[in-house]
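Q: Could you walk me through this model, starting with how its elements are defined?

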Amino acid sequence: MSEFKQTLNSSLGKKLIMALTGLFLCTFLIVHVGGNLLLFNNDNGFSFNVYANFLTHFPPIEVIAYLLYLSILVHALYGLILTVKNRKARPVRYAVAAKSDASWSSKNMGLLGSIMFLFIVIHMGDFWFRYHNDPTMGFKEYRTDLATGETTATEYKPVNADFSHSVSTENNVEIVRVKDLHARVAYSFSNIIYVLFYVIAMGAVAFHLLHGFQSAFRTLGWVHRKYTPVVYFIGTWLFAVIIPLAFAAMPVYYYYLSTQGAH
């Protein structure tokens, strides 16, 4: 047991934990970007609001969510510890810097991680915290004619203060009442400062994952002549390009809609 604790407390142990939590967070990003792409549906926020309601009321996902929060904190804490330790190991910079093959992203993982952590705090405060705790958050009622598939949306004011959501059917019409997180998204992304910060944060995500995804596999010893190029390809194109661009496109798209007077 003492050897296990010594391993966890060593630099290698911390790097292993960072690799595992990092890969878990990468998996989450795939799911999260998929759900957020529902924001591009022209359905008055129906699919996105139903998705948000599902995430907050399905017990297995709630358990995974707490694992996610723990992973974020552990990953950030160990990243900070390793960064400080590396700085202390070399307190004085060389007068003449030796040429290094390390990429810019690998040299600035601490900075990139700090930007991302700040973004996560602001992002969760604006959306997750408000969704769970803001009594002023509105509700939407969606009525779908099951014969034609046509859906109409109106504001809904719950009779009871503890109301969260409901689904019912009347006269062949499905009635869905959920919190209107979509309206909060549209409001937040109408602020150009918020949009710019979001886009910058996605740039930090791109560079962080460009190095981090590949580094995690190396740390875990999952290096193979046949599979390493695949890992590099996925790390570069999926996690450093496609996913950050997809996330960044959302605030830009909603800001554009706000300038056109659309929601």
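A: Helices (H or I, at least four residues) and strands (E, at least two) are DSSP runs, numbered from the N terminus. This is a predicted model, where local features need pLDDT of at least 70, side-chain atom pairs count only at pLDDT 80 or more, and totals for chains, interfaces and linings use all residues. Residues are numbered from 1 along each chain as its sequence is written, and side-chain values use heavy atoms, with hydrogens and water left out.

Q: What is the chain over residues 63-84, helix or strand?
A: Residues 63-84 are 100% helix and 0% strand, with the end C-alpha atoms 32 Å apart. Residues 230-256 are likewise 100% helix and 0% strand, and their end C-alpha atoms lie 36 Å apart.

Q: Which residues does UniProt list for "transmembrane region"?
A: The unreviewed entry lists 16-40, 63-84, 109-129, 192-210 and 230-256 under that name; UniProt positions are given in the numbering used here, feature names are shortened, and annotations may be inferred rather than shown by experiment.

Q: Switching to helix pairs, how do α2 and α8 cross?
A: The axes of α2 (residues 11-36) and α8 come within 9 Å and cross at roughly 125°, where axes are lines fitted to C-alpha atoms, for helices over the stretch in contact, and angles run from 0 to 180 degrees between N-to-C directions. That makes α2 oblique to α8, since angles under 35 degrees count as roughly parallel, over 145 as roughly antiparallel, 65 to 115 as roughly perpendicular and the rest as oblique.

Q: And which residues meet there?
A: On the α2 side they include Leu 16, Ala 19 and Leu 23, and on the α8 side Leu 209, Phe 213 and Phe 217 are among them, with contact meaning heavy atoms within 4.5 Å.

Q: How many residues of α7 are buried?
A: Six of the eight residues in α7 (181-188) are buried, that is, under 20% relative accessible area, with exposed over 50% and partly exposed in between (1.4 Å probe, protein chains only). Among them are Leu 181, Arg 184 and Val 185, and the buried residues of α7 pack against α3 (46-57), α6 (109-133), β4 (173-179), α8 (192-219) and α9 (228-259).

Q: Which strands does β4 pair with?
A: Strand β1 (residues 139-145) is joined to β4 by seven bridges, and β3 (residues 166-170) by five, both pairings being antiparallel; strands pair if DSSP finds at least two bridges between them. Lys 140 has Val 178 as its bridge partner, while Thr 169 stands opposite Glu 174.

Q: What lies between β3 and β4?
A: Two residues separate these strands in a hairpin, and Asn 171 in the turn has a positive phi of about 50°.
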